[in-house]
Amino acid sequence: MVAPSLKLQDLIEEIRGAKTQAQEREVIQKECAHIRASFRDGDPVHRHRQLAKLLYVHMLGYPAHFGQMECLKLIASSRFTDKRVGYLGAMLLLDERHDAHLLITNSIKNDLSQGIQPVQGLALCTLSTMGSAEMCRDLAPEVEKLLLQPSPYVRKKAILTAVHMIRKVPELSSVFLPPCVHLLHERHHGILLGTITLITELCERSPAALRHFRKVVPQLVQILRTLVTTGYSTEHSISGVSDPFLQVQILRLLRILGRNHEESSETMNDLLAQVGAGRRALVATNTDTSRNAGNAVLFETVLTIMDIRSAAGLRVLAVNILGRFLLNSDRNIRYVALTSLLRLVQSDHSAVQRHRPTVVDCLQETDASLSRRALELSLALVNSSNVRAMMQELQAFLESCPPDLRADCASGILLAAERFAPTKRWHIDTILHVLTTAGTHVRDDAVANLTQLIGGAQELHAYSVRRLYNALAEDISQQPLVQVAAWCIGEYGDLLLEGNCEEIEPLQVDEEEVLALLEKVLQSHMSLPATRGYALTALMKLSTRLQGDNNRIRQVVSIYRSCLDVELQQRAVEYDTLFRKYDHMRAAILEKMPLVERDGPQADEEAKESKAAAQLLEAAPAPTEPQASQLLDLLDLLDGASGDAQHPPPLDPSPGGALVYLLDLPCAPPPPAPIPDLKVFEREGVQLNLSFIRPPENPALLLITATATNSSEGDVTDFICQAAVPKSLQLQLQAPSGNTVPARGGLPITQLFRILNPNKAPVRLKLRLTYNHFHQSVQEIFEVNNLPVESWQ
């Protein structure tokens, strides 16, 4: 005997009473069989009950696709109980991926025109939930008519449906422009809030709508002023703030309308000052973290002031409000304050500087996200006038900060010290402190930068070598510190032994202690192969700087002739050969390193590298064929050329050719015409532009700078740009300047492509972009075939 079908309430109780997953599946399978049989029998009376049970099964995660057509039948029914369950089923079981959703378009159109408010509400809710682009285009006229209906219930739902339609089909903006101006005069809270949301969507997606609604800025300002002064309705007030949700929406709309528009910004300046001044007392006295309504309105006011063309005094008011936020007990409020101040620090640096002590105090936050934001803002506040005080605070934070922040903190301190160092000695002391505290977390170029700095400060050689020797004697675990100390001891070991430096306490060191310390570095299991290479080279250089016998150094060098590390073994063999065969040349070969000139900060190094590549291609004529082939091999290494790539022909080695070049020197060729830039990608405010440079001294080399910008409201994170070219070209990608593009036109990301095109073939690029935007992962692969002719001919 077949068990009868269960009621919905009984089905829920039986499923909840199942003790195992198998029992639950058994109950659901039996009931789904009854539901299928009922659908086949065509029972019109109980069809909505069967579909209601199926929807519950669907919400539990079980398949319910066989109920899609029943939804259409219930929607077409004349009974309200059937329509209610049918529309609910359509919202749950249908979407744009199923062609069946188009079959309810006619039913929705009929229900919208019937005039029965509950049915119209059901149809509008369904359309705003799962309406596709085709449905939106077909039903837009009906929704437009409902926007002016007398019933607030229907108008509110029609406005929300219009918002969905604009998001799906932006070209429908012209349909909803006229009703919006009329709806702004409504007093109903839901209608006015929905109208502001609809206008915001229209302005974000249509430049014509943006120009149209700038005319209603005075009306919006008046609505917001009424909310601030007299209130809207007591039932919508929260914690003494009159309708904060409506205030926030109006402020967001004003921010869009006033951006890059002087007249609109001037109209709303007085109002924003009134809102900001009226709420500051709330921030100052608000100790209850549950009362966020006033803080939300204030924060939106600050964002609006930051985005429009506001007066200078108004921007100072915004910074002061954010400074008060930093004193709030709510961590979320402090986080948004730090993030907003970080955006303002470039345009209003002096105003943000007033809150520097509070920002520095935020470094000690236990919350990792807060301390990271405070670190970024603290580094942005460093300048030439406060560099000493800020470095003391940041160095103290470096000693106690979490491990995941040490790399960022150390890197930021090194960059700030390089940019704002008052003296070379202070600069050296700062870098040494960072290497001693967090040496394993510094950037790869920290060692090279410090050795270059010490080498250029001749008056500080003795001071530096003593400081580094003391630091190395205390700790040999920090590898960058050990590498710099080994280099410095090898270069200036004679000054270490003299002991006549007046700037630090007298240090008595003999030769045996220095050699023993370097041998300890060589034998330590913590030393990296590169560190051992520094120590071995330092020992070799000390053989010409020390006055004693070199037998101990020769023994150490000979031991590493059989080292497993190939690089270290090669150096040991070369140094041992110097001792045995070329001892008369050893002093000359191991002289002190010459000073390397630095023209500017590290940001100019990429341009120097591209110039060096061009100069390599124009190297002096090679006297023999083997040397020419070595030059080509070097080019292959730099440019990452494939084996199929063709090499440029060697230059003419004849004396006549050299004479021609010599005679041509005074006659500089005219500068080439600039190559126009090219926009290759744009999506949701994210844009990628390519700019081109062909060095006159090497026309075969093309330098492409890819610049990624972001004009949207959300940050772009984890941005990666990859490129490929045909085999006849050689491509080398430089490291990008970062991986995050801030919102609203923040600092862009740049990346250099170096393409060698000896055959002047048309350049084609295949690009792959991957990034996260609005919490969604985006990947785009496309080809660029329309590069300017000047870039390759």
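Is Q483 buried or exposed? Select Q483: at 11% relative accessibility, Q483 counts as buried (buried means under 20% relative accessible area, exposed over 50%, partly exposed in between, with a 1.4 Å probe and protein chains only).

Before going on, note that this is a predicted model, in which local features need pLDDT of at least 70, side-chain atom pairs count only at pLDDT 80 or more, and totals for chains, interfaces and linings use all residues. Residues are numbered from 1 along each chain as its sequence is written, and side-chain values use heavy atoms, with hydrogens and water left out.

**The whole chain**

Show the protein chain as a cartoon. There are 35 helices and eight strands in it (helices, H or I of at least four residues, and strands, E of at least two, are DSSP runs numbered from the N terminus). Of the 793 residues in the protein chain, 47% are buried. Contact means heavy atoms within 4.5 Å. Among contacts in the protein chain between residues at least 6 apart in sequence, 67% join residues at least 24 apart.

**Stop 1: helix α2**

Select residues 21-41, which form helix α2. At 1.5 Å a residue, its 21 residues should span 30 Å, and the end C-alpha atoms are 30 Å apart, which agrees (the expected span is 1.5 Å times one less than the number of residues). Now colour E24, V27, I28, E31, C32, I35, S38 and F39, which are buried in α2. They cover an arc of only 130 degrees around the axis, so they sit on the same side of α2 (the arc is that of the directions from the helix axis to the C-beta atoms). Among the elements that cover these buried residues are α1 (8-17), α3 (47-59) and α4 (68-75). Turn to the face away from the buried side to find the exposed residues Q29, K30, R40 and D41. Just after α2, G42 has a positive phi of about 70 degrees.

**Stop 2: D243**

Go to the loop between α13 (217-229) and α14 (244-258), where D243 is found. D243 is not a glycine, yet its phi is positive, at about 45 degrees. Its relative accessibility is 1%, so D243 counts as buried.

**Stop 3: R315**

Select helix α17 (residues 312-325), which contains R315. R315 counts as buried because its relative accessibility is 15%. Leaving aside neighbours within four places in sequence, R315 is in contact with I305, M306, I308, S310, L344, S347 and D348.

**Stop 4: helices α24 and α27**

Two packed helices are described by the angle between their axes and the distance between the axes. Select α24 (residues 424-438) and α27 (residues 479-498): their axes come within 7 Å and cross at roughly 135 degrees. Axes are lines fitted to C-alpha atoms, for helices over the stretch in contact, and angles run from 0 to 180 degrees between N-to-C directions. The two helices are therefore oblique to each other (under 35 degrees counts as roughly parallel, over 145 as roughly antiparallel, 65 to 115 as roughly perpendicular and the rest as oblique). L432, L435 and T436 of α24 make the contact with P480, L481 and V484 of α27.

Apart from neighbours within four places in sequence, Q483 is in contact with V447, A530, T531 and Y534.

**Stop 5: K760**

Finish in the loop between β6 (749-756) and β7 (765-773), where K760 lies. K760 has a positive phi, near 55 degrees, in a residue other than glycine. At 46% relative accessibility, K760 counts as partly exposed.
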